[in-house]
Every structure is written in structure tokens, then in C-alpha cells.
Amino acid sequence: MKCEEICVKNVLIERIIDLYIESFPEDERRSIVKFRNLFENFDCFHVLAFFEGDDEFVGFLTYWDCGTFRYGEHFAILPEKRNGGRGAQCLKMAIDLMGKPMILEAEPPIDEMAKRRIGFYERNGFKLWKNLYYQQPAYEDYLKPVELKLMTIGDIDFVGEDDPKILKIKKMVYEG
């Protein structure tokens with residue numbers, strides 16, 4: 001397995017966009033126009049593409065460099081490549097490459113799939129902040145905000161809903 005940072009002009013961008021649309025509900029992603037715009041206009045926004053074998057694409061992670069930590073926004077593995085340990089390998093590579101603590105959002109553990117997703121992150125070293133209320137702002141005016149849970153890896157702590165790290169994510173990612 002290997003990963004590399006890509007730009008909007010990379011030939012893989014269309015495959016990443018297809019997986020992005022397939023993997024995330026409309027309320028949990030931005031428009032494709034805005035997604036492409038991030039590549040060109042935000043130096044703190046990054047996309048890692050993951051490969052196995054002879055450069056076979058298996059997934060991606062988008063993240064924001066927030067200074068002292070990284071915010072992992074979207075992580076997806078191709079459906080046919082899931083459940084074989086690739087997701088864990090890719091996540092570990094990304095965490096090692098970033099070299100800083102990471103925050104991500106996950107759906108609350110109210111159904112089996114959300115519980116499995118949280119379990120995946122926990123098995124890979126993330127902590128679920130069960131008692132911290134968090135609402136993802138809407139990506140677009142016509143979409144709804146989404147109640148999610150925060151998960152972290154590395155030396156990160158929160159002092160409540162108005163923690164400076166949470167406010168930084170909301171300003172940088174959702175208002176930028």
C-alpha cells in the first residue's frame with residue numbers, strides 16, 4: 001500500500017469524486033463545484049489517494065491542516081476493496097504521514113452501520129467523544145446541519161462545544 005497527495009488536475013480526480021458521491025449522503029458533503037474549488041484555492045486542504053499493487057486506486061482521505069492538528073473530513077475505500085484490512089492500512093499511513101493529532105466526525109452510533117464505522121476507528125486508535133454534542137454545519141444553504149460525533153487520535157482534548165479547535169474547524173471548513 002502507498003499514498004500520495006493529489007491535485008485537481010490529477011487523472012484520479014474523477015474516480016475520487018465518484019467515490020465521494022457514492023460514499024457520503026448529500027447532507028454530509030459539499031457540491032462538486034465547491035469540492036473542486038478547494039483544491040485550487042485552499043492551501044490547507046489536502047487529498048490523499050491510496051493505492052495497492054501496481055498503482056491500483058483503492059480510496060482517498062481529504063483533510064485540513066489546522067496547524068497543531070489535522071481535521072479528517074472524508075475517508076472512503078472502494079466498496080469492492082472494503083473488509084480486507086485496506087481501510088486500516090490506509091488510515092494508518094495517513095496518520096503517520098500527517099504526523100499530528102487528528103479530529104474527525106462520525107455518525108452517532110444509532111444504527112448498525114454507524115456502530116461498525118465507529119468500531120473501525122476505535123480499533124485504529126481513535127477515541128469517541130460520547131458526551132460532547134456536535135453539529136456539523138450545513139455544507140450548502142439548501143442542506144441541513146447534521147448531528148455527528150467527534151473522534152480523535154493523538155493528544156487532543158475538548159473543553160466543550162465551544163472548544164477553540166471545534167470553532168476553528170467550523171470556521172475553516174464550513175464557512176471558508
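Helices (H or I, at least four residues) and strands (E, at least two) are DSSP runs, numbered from the N terminus. The model is predicted: local features need pLDDT of at least 70, side-chain atom pairs count only at pLDDT 80 or more, and totals for chains, interfaces and linings use all residues. Residues are numbered from 1 along each chain as its sequence is written, and side-chain values use heavy atoms, with hydrogens and water left out.

Start with helix H4. At the start of the helix, a side-chain oxygen of Asp111 comes within 3.2 Å of the backbone nitrogen of Met113. After H4 comes Gly125, with a positive phi near 95°.

Which residues of H4 are buried? They are Ala114, Ile118, Gly119, Phe120 and Tyr121. Buried means under 20% relative accessible area, exposed over 50%, and partly exposed in between (1.4 Å probe, protein chains only). The cover over these residues includes strand E4 (70-77), helix H3 (86-98) and strand E5 (102-106). It also includes strand E6 (127-128) and strand E8 (146-153). Contact here means heavy atoms within 4.5 Å.

Now the aromatic rings. A pair of aromatic rings is described by the distance of the centres and the angle of the planes. Rings of Phe, Tyr and Trp (its six-membered ring) pair if their centres lie within 6.5 Å; planes under 30 degrees apart count as stacked, over 60 as edge-to-face and the rest as tilted. The structure holds twelve aromatic pairs. One of them joins Phe35 and Phe45, edge-to-face, at 6.2 Å centre to centre with 80° between the planes. Phe35 belongs to helix H2 (residues 32-41) and Phe45 to strand E2 (residues 45-52), so this pair ties together parts ten residues apart in sequence. Phe35 counts as buried, at 0% relative accessibility. Phe45 is buried too, at 7%.

The pair of Phe75 and Phe120 is stacked, because the ring centres are 6.4 Å apart and the planes meet at 15°. Phe75 lies in strand E4 and Phe120 in helix H4, so the pair ties together parts that are 45 residues apart in sequence. Phe75 counts as buried at 16% relative accessibility. Elsewhere, ring pairs link Tyr20, Phe24, Phe35, Phe42, Phe45 and Trp64 into a cluster.

Some rings carry a charge over the face. A charge sits over a ring if NZ of Lys or CZ of Arg is within 6 Å of the ring centre and within 35 degrees of the ring normal. Lys127 lies over Trp129, at 3.7 Å from the ring centre. Lys2 lies over Phe51, at 5.9 Å from the ring centre.

A salt bridge is a side-chain nitrogen of Lys or Arg within 4 Å of a carboxyl oxygen of Asp or Glu. The whole structure has twelve. Lys2 bridges to Asp55, with the closest N and O atoms 2.5 Å apart. Lys2 is in strand E1 (residues 2-5) and Asp55 in the loop between E2 and strand E3 (56-65), so the pair ties together parts 53 residues apart in sequence. Both ends are partly exposed: Asp55 at 48%, Lys2 at 36%.

Glu56 and Lys81 form another salt bridge, the closest N and O atoms being 2.6 Å apart. This pair links distant parts of the chain, with Glu56 in strand E3 and Lys81 in the loop between E4 and H3, 25 residues apart. Glu56 is partly exposed at 38%, whereas Lys81 is buried at 12%. A network of salt bridges links Glu52, Glu56, Lys81 and Arg86.

The loop between E4 and H3 also holds Asn83. Most residues other than glycine have a negative phi. Asn83 is not a glycine, yet its phi is positive, about 65°. Asn83 is exposed, with a relative accessible area of 73%.

Finish in helix H3. Lys92 and Asp96 meet there in a salt bridge (2.7 Å, N to O). The two residues are four apart, about one turn of the helix. An α-helix has 3.6 residues a turn, so residues three or four places apart point the same way. Lys92 and Asp96 are both exposed.

Notes:
A polar contact is a pair of N or O atoms within 3.5 Å; within protein, one must be able to donate a hydrogen and the other to accept it, and residues adjacent in sequence count only if both atoms are side-chain atoms.
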